[in-house]
Amino acid sequence: MPRSAPSGPIRRGLVALVLACALLLTTGACGGDDGSSASGSASPTGTVEQQRLAKTRFVANAGLAAGATYQWIVKPYRDGKFKKGADGRTFALVKAGLAGAFAYNRLKAATENAKGDPLLSKAVAPLTAGIDRLKDLGTKLRKGEASEADVGAFEDVITDVKDAGRSAGAVVTDKVPSTSQLGG
């Protein structure tokens, strides 16, 4: 005599039991809390997602650096806010110093983000020396010792980072950070 399939509540209980076991077996095969897999290698979809996130983070960090540089360094410099005797000079210099340190920090983060994408990494790698030269310019700006060449250095590095991103398919647009973001 053939057996018939379980009906009603027994069937639902059996399905729930099978699903629960499957869930336990699949989560047990996963790695630890750090998100790594048991074999230690990333799955193809993980790699694609990591690369996409690398580009997204690069664009966000480089955009914030570009926005801060233009808004609080380049624009005030061109408007003469850093000249002796200019109205609001001290405040403009302090904000420029903070913006310089912020931009340097975001550019360093962007270069780290770029390492997650092979094409972006190759495009940004030559720029690290230029970014490193910006390290002390924030202090120089805050003290009022920055020259046109110093402001130009920020502008040049930002332009180079934007061009490198564009060549790797990661278009960077200026995003002006809030004043509270500058202060850290």
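The questions and answers below set values against definitions.

Tutor: This is a predicted model, in which local features need pLDDT of at least 70 and side-chain atom pairs count only at pLDDT 80 or more, while totals for chains, interfaces and linings use all residues. Residues are numbered from 1 along each chain as its sequence is written, and side-chain values use heavy atoms, with hydrogens and water left out.

Student: What makes up the secondary structure of the chain?

Tutor: The chain has 8 helices and 0 strands, in the order α-α-α-α-α-α-α-α along the sequence. Helices (H or I, at least four residues) and strands (E, at least two) are DSSP runs, numbered from the N terminus.

Student: How do you know that the span of α7 agrees with its number of residues?

Tutor: The expected span of a helix is 1.5 Å times one less than its number of residues. The 20 residues of α7 should therefore span 28 Å, and its end C-alpha atoms are 28 Å apart, which agrees. Just after α7, Gly169 takes a positive phi of about 85°.

Student: Why is Asn113 called buried?

Tutor: Buried means under 20% relative accessible area, exposed over 50%, and partly exposed in between (1.4 Å probe, protein chains only). Asn113 has a relative accessible area of 16%, so Asn113 is buried. Asn113 lies in helix α3, residues 89–114.

Student: What makes the pairing of the Asn113 and Asn61 side chains a polar contact?

Tutor: A polar contact is a pair of N or O atoms within 3.5 Å; within protein, one must be able to donate a hydrogen and the other to accept it, and residues adjacent in sequence count only if both atoms are side-chain atoms. The side chains of Asn113 and Asn61 make such a contact at 2.6 Å. In the wider sense of contact (heavy atoms within 4.5 Å), Asn113 meets Ala54, Arg57, Phe58 and Asn61, leaving aside neighbours within four places in sequence.

Student: Why is Ala103 called buried?

Tutor: The relative accessible area of Ala103 is 0%, so Ala103 is buried. Ala103 also belongs to helix α3. Beyond its neighbours within four places in sequence, Ala103 is in contact with Ala65, Thr69 and Phe154. Ala103 and Leu64 are 39 residues apart in sequence, yet their C-alpha atoms are 7.2 Å apart in space.

Student: What makes a set of residues a nonpolar core, and which residues have the most contacts inside the largest one?

Tutor: A nonpolar core is a set of buried Ala, Val, Leu, Ile, Met, Phe, Trp, Tyr and Cys residues joined through side-chain atoms within 4.5 Å. The largest has 38 residues, and Phe58, Leu107 and Val161 have the most contacts inside it. Helix α3 supplies the largest share of this core, 10 residues. Among the residues that Phe58 touches are Ala110, Leu120 and Val161.

Student: Why is the aromatic pair of Tyr77 and Phe82 called tilted?

Tutor: Rings of Phe, Tyr and Trp (its six-membered ring) pair if their centres lie within 6.5 Å; planes under 30 degrees apart count as stacked, over 60 as edge-to-face and the rest as tilted. A search of the whole structure finds 1 aromatic pair. The rings of Tyr77 and Phe82 are 5.9 Å apart, centre to centre, with 55° between the planes, and form a tilted pair.

Student: Are these two residues buried or partly exposed?

Tutor: Tyr77, with a relative accessible area of 26%, is partly exposed, whereas Phe82, at 11%, counts as buried.
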